[in-house]
Amino acid sequence: MTRIETPWGPWEAAPLGEVVALMRGLAVPWWVAGGYAIELAVGHAYREHGDVDIALLRRDQLAMRRLLDGWDVHAAVVPQTLRPWALEEVLPEQAHDIWVREHPDGPWRFQLMLDEAEGEEWTYRRNPRIRRPLAGLTVEEDGFRRLAPEVQLLYKAKGPRPKDEADFEAVLPVLSDEQRRWLEGALEIEHPTHPWRARLRQ
């Protein structure tokens with residue numbers, strides 16, 4: 001993995017397989033997110049990845065923190081800042097981005113994202129009008145779960161970077177009509193003028 005310098009120390013992502021192996025010790029639902037969720041949906045590698053993203057529901061955060069007892073875990077409670085996440089601390093609602101490393105002197109290894117839910121429905125944290133059943137949020141992949149690509153693309157649509165455009169291009173041919181309709185409808189609510197909408201309708 002590429003070593004990336006950040007204001008909070010170097011980032012050197014762990015291999016996806018190592019992070020998945022660690023997560024298997026978690027008794028609550030979790031899933032691979034980010035660029036890897038798209039790549040797994042595509043079925044082959046097509047770009048490099050600078051990080052590994054794992055997501056889970058906010059309501060399950062303490063189980064996650066207990067699994068990482070002994071790791072150095074920081075949360076972005078205030079934008080553009082990181083502070084330690086203490087064992088048994090319930091993070092405030094505005095915190096959804098968490099960085100993890102083995103020890104304070106080492107590089108950051110993977111990222112955790114907290115997702116929102118109401119009962120058995122996932123809700124998009126940037127606009128709770130966008131929601132879907134938790135049962136259809138993720139896809140089984142070789143013994144673990146990954147975020148459905150249309151949902152991951154919704155997150156990526158906020159301010160697409162070159163890698164997000166590459167992900168959209170790569171996964172578009174494998175999206176079903178139902179997946180395209182869901183994403184196009186979500187974009188209509190959140191980003192009505194987004195250029196991906198026309199591509200999804202083609």
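**Aromatic pairs and helix packing in a predicted model**

User: How many aromatic pairs are there, and by what rule are they found?

Analyst: The count comes to nine aromatic pairs. Under the rule, rings of Phe, Tyr and Trp (its six-membered ring) pair if their centres lie within 6.5 Å; planes under 30 degrees apart count as stacked, over 60 as edge-to-face and the rest as tilted. One of the pairs joins Trp99 and Trp108, which are edge-to-face, with 5.5 Å between centres and 80° between planes. This is a predicted model, in which local features need pLDDT of at least 70 and side-chain atom pairs count only at pLDDT 80 or more, while totals for chains, interfaces and linings use all residues. Residues are numbered from 1 along each chain as its sequence is written, and side-chain values use heavy atoms, with hydrogens and water left out.

User: Are Trp99 and Trp108 buried or exposed?

Analyst: Buried means under 20% relative accessible area, exposed over 50%, and partly exposed in between (1.4 Å probe, protein chains only). Trp99 counts as buried because its relative accessibility is 11%, and Trp108 is buried at 1%. Ring pairs also link Trp99 and Trp108 with Trp8 and Trp11 into a cluster.

User: Which parts does the pair of Tyr124 and Tyr155 tie together?

Analyst: Helices (H or I, at least four residues) and strands (E, at least two) are DSSP runs, numbered from the N terminus. Tyr124 and Tyr155 form an edge-to-face pair, 5.2 Å centre to centre with 65° between the planes. Tyr124 lies in the loop between strand 9 (121-123) and strand 10 (131-133), and Tyr155 in helix 4 (residues 149-156), so the pair ties together parts that are 31 residues apart in sequence. Both tyrosines are buried.

User: How many residues of helix 4 are buried?

Analyst: Helix 4 is mostly covered, as eight of its eight residues are buried. Among them are Glu150, Val151 and Leu154.

User: How do helix 4 and helix 5 pack?

Analyst: Axes are lines fitted to C-alpha atoms, for helices over the stretch in contact, and angles run from 0 to 180 degrees between N-to-C directions. Helix 4 and helix 5 (residues 162-171) pack at about 155°, with axes 10 Å apart. Angles under 35 degrees count as roughly parallel, over 145 as roughly antiparallel, 65 to 115 as roughly perpendicular and the rest as oblique. The two helices are therefore roughly antiparallel to each other.

User: Which residues of helix 4 and helix 5 meet?

Analyst: Contact means heavy atoms within 4.5 Å. Pro149, Leu153 and Lys156 in helix 4 meet Asp164, Asp167, Phe168 and Val171 in helix 5.
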